[in-house]
Amino acid sequence: MAKPVVVGVDGSEQAMRALRWAAEEAARRGDPLRVVHAWVWPLFKVGLGPAPGAPPGSGLQAQAERVLTEAEAEAKRIAPDLEVLTTLVTGDTGARLVQMSHEAQLLVVGHRGLGGFTGLLLGSVGVAVTAHAACPVVVVRGEHNGTGPVAVGIDVEGHSRHAIDTAFAIAQRMGTGVLAVHSFEIPLRQDGVLSWHDHVLAAEEDARALVEVELASARKEHPDVPVEVVLGDNPPAKQMVLDSERSRLVVVGARGSGGFAGLLLGTTTHALIHHAHCPVLVDR
């Protein structure tokens, strides 16, 4: 059986939004959807069935199973022909999803769950899986823009090729275009020959040439996918967050060329999973 798209659910509205996104993507891929709910109550040796005198269908076990049943029904409503598998696992949600990511082609989570404090921008599960999962991770946040392009951040030469390929493949399945976003720095002038205006234009031309080189292979592989190139002199994180407002999905690598080796997520990726206006795919 093909590796499934895995989505974590906990009964929250954020998780249901993640489920809907995952169901649509699994249907586009023609692959199964595995819906996972993690609970910790069996570890505490408490009663899992109805309390004495309580009506049938109550109790912790029934509640956990109900989360999966409702999620399965919603996934089938979104994609009636989709193969949906449900799994109830015991343990910490983040740790179990990271474990299951080794057998998944894509892992999808909401940006916050029932356990999150209202002031948090990203829940602990989202942080854990984006930092440690063995497969690409989608954090579903922002508005669900069904018509926008798939944005992809382009770093220095060679560092973004896999993210670019991923963005083009998803855009092809979604029937939309790619928004190729690159932030360039204006280097300090080395001589006084060029005016400042010409100096900036030269830096922009160099940036555009780099982007075209990075896009060449994906353009050839997906000739029917329209591409718009956005060049900005904002910091990469700010530029990507701005462009996420008109995007259907943002694809970004886990770390860029500027990251320290010990960091699990780069600054741009970290900013996007906390502040983007649309779902974010971290291309691990």
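1. Basis. The model is predicted, with local features needing pLDDT of at least 70 and side-chain atom pairs counting only at pLDDT 80 or more, while totals for chains, interfaces and linings use all residues. Residues are numbered from 1 along each chain as its sequence is written, and side-chain values use heavy atoms, leaving out hydrogens and water.

2. Strands. Helices (H or I, at least four residues) and strands (E, at least two) are DSSP runs, numbered from the N terminus. Strand E1 (residues 5-8) runs parallel to E2, with four bridges; strands pair if DSSP finds at least two bridges between them. Val5 has Leu33 of E2 as its bridge partner. E2 also pairs with strand E3 (residues 84-90), again in the parallel sense, over seven bridges. There, Val36 stands opposite Thr87.

3. Burial of E2. Six of the seven residues of strand E2 (residues 33-39) are buried, so the strand is largely enclosed by the rest of the structure. Buried means under 20% relative accessible area (1.4 Å probe, protein chains only).

4. Main core. The largest nonpolar core holds 48 residues. Such a core is a set of buried Ala, Val, Leu, Ile, Met, Phe, Trp, Tyr and Cys residues joined through side-chain atoms within 4.5 Å. Leu19, Leu33, Val35 and Val108 have the most contacts inside this core. Helix H1 (residues 13-29) gives the most to it, eight residues.

5. Leu19. Beyond its neighbours within four places in sequence, Leu19 contacts (heavy atoms within 4.5 Å) Val7, Val9, Leu33, Val35, Ala71, Glu74 and Ala75.

6. Another core lies apart, with 30 residues, including Ala133 and Val252.

Methods
Buried means under 20% relative accessible area, exposed over 50%, partly exposed in between (1.4 Å probe, protein chains only).
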